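The tour below goes from one selection to the next.

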Amino acid sequence: MHAALWRKYLKGSRLLGHITDIHFVTADVAVVTSVGRVLKSRFSRRNPDKAQTFVAVREAGGWKFAAFQNTKRRPLLEWISTRSDPHLAPNTPPVPATLAS
């Protein structure tokens with residue numbers, strides 16, 4: 001589905017992004033989070049405006065993504081959430097289960 005976007009509507013664009021966390025649920029399942037942005041021209045802003053979550057599964061042929069989710073970032077809401085609970089800040093490790101209860 002994304003291939004059609006890159007061939008037509010986003011032709012000539014580049015994808016800027018980086019992985020913010022990899023959490024192994026098991027040896028063969030990982031949750032990967034990242035931030036990024038589509039650069040439509042060389043003058044595009046460079047700050048990430050999207051956050052992604054992937055579920056990666058290891059199979060016989062290697063790692064494959066089983067699920068993908070993409071969300072537009074809302075800096076004001078991130079700031080408010082962080083003020084109420086610092087562990088809600090992006091790129092912050094989750095609270096250990098012993099502390100969460």
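The model is predicted, so local features need pLDDT of at least 70 and side-chain atom pairs count only at pLDDT 80 or more, while totals for chains, interfaces and linings use all residues. Residues are numbered from 1 along each chain as its sequence is written, and side-chain values use heavy atoms, with hydrogens and water left out.

Select serine 34, found in strand 2 (residues 29-39); strands are DSSP runs of E, at least two residues, numbered from the N terminus. Serine 34 counts as buried at 10% relative accessibility; buried means under 20% relative accessible area, exposed over 50%, and partly exposed in between, with a 1.4 Å probe and protein chains only.

Now show what surrounds serine 34. Leaving aside neighbours within four places in sequence, its contacts include His18, Lys50, Gln52 and Phe54 (contact: heavy atoms within 4.5 Å).

Move to Phe54, one of those contacts. Phenylalanine 54 is buried, with a relative accessible area of 17%. The rings of phenylalanine 54 and phenylalanine 68 have centres 5.0 Å apart and planes at 45°, so the pair is tilted; rings of Phe, Tyr and Trp (its six-membered ring) pair if their centres lie within 6.5 Å, with planes under 30 degrees apart counted as stacked, over 60 as edge-to-face and the rest as tilted. This pair links strand 3 to strand 4, across 14 residues.

Phe54, Phe65 and Phe68 form one aromatic cluster.

Notes
Helix = DSSP H or I, 4+ residues; strand = E, 2+ residues; numbered from the N terminus.
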